[in-house]
Amino acid sequence: MAKVGFYKRYLYIVDRLRSVPSNFQDLQEHVMTKLENDDLYTKIKNTSTFFEFSARTFDRDKKDILDLFGILVQYNRKDKVYYIDEEEIEDQSVTRMMDAFSIHHALQKGNKLSPSVFLEKRKSLGTEHIYGIIHAIQNGCVLQFTHQSHWKDNSTQREVKPIAIKESQQRWYLVALDKKNDTVKTFGLDRISNLKITDTKFKPIVYNVEKEFQHAFGVETYEPAEKVVLQFPKQQGNYIKTFPLHESQSVLDENENIVILEMYIHTTNDIKMELLKYGSDVKVISPISLQNEIKNRISEMSNLYK
């Protein structure tokens, strides 16, 4: 049996049990239907090509799913169903892979995108560089590349010691020590070209990425982190509660008219631009410095139309 068949079966099991706790019979029917639609197995009875998703196969698959993905398939004896607890999946890369698989499968029908789904047109995110960069990080290899800044027309040649790859606001960034001035910087993967993994080695760099960016909105950290309090109309506030601006966000107060949220973040340009996006649906309560900055930008915008 082709390896792709095994992996697809694992993914179909996980995809099902993440959303719908199922007894073995229902799971068996679901998995077999998916596999038959993929043409991975030919269901011809009484021949060597016949495949049946049996209880014994499921027992092996549960072990493989735990070993490969760290996902535990659990059994609820009261309801007699198997299930997967989303909150116990700690590895975000596994969750992202499963989400991508679910979306990919939903969009495909006969290897063609469903005409009922319309995707945004996006430019390259630079994800083609990820494999090479991870290789360089794991093996301590210096990277060389051309970098095009958002703020300047000319490009620059960079030589860096890679530390990590970070995702933020649906973009991917390389966190690296720039050899030019021995400073840790972030480089958008979509603005990197001519990537070269050199033979020059370097010692591991002590840098806690999670700690350094824990209060960042985006990847900017040049301003001190401080408590930010925002007021939203009830409807907009409910939306922000379901899609938090930052992981530190919490509800400070709310009633039938407003929602007041607080978070602890670096008050950089990224968050200022995000707040301006909400227009009159947000009011900065504190800090006063951020409130004044938003006022000034609104005034500048107003002057453009005089």
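For the classes used below, Ala, Val, Leu, Ile, Met, Phe, Trp, Tyr, Cys and Pro count as nonpolar, Asp, Glu, Lys and Arg as charged, and the others, Gly among them, as polar. The model is predicted, so local features need pLDDT of at least 70 and side-chain atom pairs count only at pLDDT 80 or more, while totals for chains, interfaces and linings use all residues. Residues are numbered from 1 along each chain as its sequence is written, and side-chain values use heavy atoms, with hydrogens and water left out.

**Largest pocket**

- The largest pocket holds about 2,000 Å³ of space; a pocket is an open set of points on a 1 Å grid over the protein atoms alone where a 1.4 Å probe fits, with protein on both sides within 12 Å along at least five of seven lines.
- Its volume is the space filled by probe spheres set on the points, which are joined across faces, edges and corners.
- The lining of the largest pocket has 40 residues, and R96, E167, S168, Q169 and Q170 lie nearest the centre; lining residues have an atom within 4 Å of a point.
- Two or more lining residues come from each of helix 4 (92-107), strand 6 (155-168), strand 7 (171-178), helix 6 (209-212), helix 7 (234-242) and helix 8 (269-277); helices (H or I, at least four residues) and strands (E, at least two) are DSSP runs numbered from the N terminus.
- Helix 4 gives the most to this lining, with 7 residues.
- By class, the lining of the largest pocket comprises 16 nonpolar, 10 polar and 14 charged residues.

**Second largest pocket**

- The second largest pocket contains about 1,100 Å³ of space.
- Its lining has 30 residues, of which W151, T186, R191, V219 and E220 lie nearest the centre.
- Strand 6, strand 7, strand 8 (183-188) and helix 8 each supply at least two residues of this lining.
- The lining of the second largest pocket divides into 10 nonpolar, 11 polar and 9 charged residues.

**Helix 8**

- I271, K272, E274 and L275 are the buried residues of helix 8, buried being under 20% relative accessible area with a 1.4 Å probe and protein chains only.
- Seen down the axis of helix 8, these buried residues fall within an arc of 160°, so they line one face of the helix; the arc is that of the directions from the helix axis to the C-beta atoms.
- They pack against strand 10 (225-233), strand 12 (258-266), strand 13 (283-286) and helix 9 (288-303), with contact meaning heavy atoms within 4.5 Å.

**Strands 7 and 8**

- Strand 7 and strand 8 pair in the antiparallel sense over 6 bridges; pairing requires at least two DSSP bridges between two strands.
- L177 has V184 of strand 8 as its bridge partner.

How values were computed
Buried means under 20% relative accessible area, exposed over 50%, partly exposed in between (1.4 Å probe, protein chains only).
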